[in-house]
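Here is a friendly walk through one structure, written for someone who likes to think in atoms and angles. Take a look at the display below, and then we can go through its parts together.

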Amino acid sequence: MLRDSKSFCSFSVDDLDKARIFYGQTLGLEVADIMMGLLELRLRGGPPVLVYPKPNHLPATFTVLNFQVEDIEKAVDGLKKNGVRFESYHDKDIKTDAKGISTGEGPRIAWFKDPAGNILSVLEQKTA
């Protein structure tokens, strides 16, 4: 029934102005103000992501947006220079190194939060 439907992702924030600055300036994404005071993140290779204000916003407890990068070390270093702080995990399921990069099985990934506390990541995806 929905196979041929277009789709997009969305998530809430508590402060649209802080989100606009973070996504546009800190992360360097193309951000557009659209209808009804919403933000649209225009990402290469995919549909836009809608960011909407929610007065009683609670941060997601899971990753809401992943950014594929060729070189995770370079991406983490660059984002840190822009003031991004990476999460540190040291439990039985997830362990990160001093830079915040996952050292476990699976793809190399590093998590960080937006100003509203939503979890984002950079994920190493080598091209052939």
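## Aromatic rings and the parts around them

Phe22 and Tyr23 are both buried. This is a predicted model, so side-chain atom pairs count only at pLDDT 80 or more. The rings of Phe22 and Tyr23 form an edge-to-face aromatic pair, with 5.2 Å from centre to centre and 90° between the planes.

How many aromatic pairs does a search of the whole structure find? The search gives 4 aromatic pairs. Another of them is edge-to-face: Tyr89 and Trp111 have ring centres 5.4 Å apart and planes at 85°. Tyr89 sits in the loop between α2 and β6 while Trp111 belongs to strand β6, so this pair ties together parts that are 22 residues apart in sequence.

The two geometries can be set next to each other:

| Pair | Centre to centre | Angle between planes |
|---|---|---|
| Phe22 and Tyr23 | 5.2 Å | 90° |
| Tyr89 and Trp111 | 5.4 Å | 85° |

Tyr89, at 22% relative accessibility, counts as partly exposed.

Trp111 also turns up in the surroundings of Ser102. Leaving aside neighbours within four places in sequence, Ser102 is in contact with Lys95, Thr96, Arg108, Ile109 and Trp111. Ser102 lies in the loop between α2 (72–81) and β6 (109–113), and its relative accessibility of 11% makes it count as buried.

The buried residues of α1 are Leu16, Ala19, Phe22, Tyr23 and Thr26. Viewed down the axis of α1, these buried residues fall within an arc of 155°, so they line one face of the helix. As background, an α-helix has 3.6 residues a turn, so residues three or four places apart point the same way.

What caps the N-terminal end of α1? Asp15 does, with a side-chain oxygen 3.0 Å from the backbone nitrogen of Asp17. Just after α1, Gly28 takes a positive phi of about 75°.

Helix α1 (residues 16–26) lies across β1, β2, β3 and β4 (49–53), and runs at about 10° to β3.

Now for the sheet. Its 4 strands are arranged in the order β1-β4-β3-β2, as an open sheet with mixed pairing. β1 (9–13) and β2 (30–34) are the edge strands, each of them pairing on one side only. From one strand to the next, the twist averages 25°. In general, strands of a sheet pair through backbone hydrogen bonds, either parallel or antiparallel. In which sense do β2 and β3 pair? β2 and β3 (residues 38–42) are antiparallel, over 5 bridges. Within this pairing, Ala32 has Glu40 in β3 as its bridge partner.

One last stop is the loop between β3 and β4, where Gly46 is found. With 41% relative accessibility, Gly46 counts as partly exposed.

Conventions: Residues are numbered from 1 along each chain as its sequence is written. This is a predicted model: local features need pLDDT of at least 70, side-chain atom pairs count only at pLDDT 80 or more; totals for chains, interfaces and linings use all residues. Side-chain values use heavy atoms; hydrogens and water are left out. Helices (H or I, at least four residues) and strands (E, at least two) are DSSP runs, numbered from the N terminus. Buried means under 20% relative accessible area, exposed over 50%, partly exposed in between (1.4 Å probe, protein chains only). Contact means heavy atoms within 4.5 Å. Two strands pair if DSSP finds at least two bridges between them. Axes are lines fitted to C-alpha atoms, for helices over the stretch in contact, and angles run from 0 to 180 degrees between N-to-C directions. The arc is that of the directions from the helix axis to the C-beta atoms. A polar contact is a pair of N or O atoms within 3.5 Å; within protein, one must be able to donate a hydrogen and the other to accept it, and residues adjacent in sequence count only if both atoms are side-chain atoms. Rings of Phe, Tyr and Trp (its six-membered ring) pair if their centres lie within 6.5 Å; planes under 30 degrees apart count as stacked, over 60 as edge-to-face and the rest as tilted.
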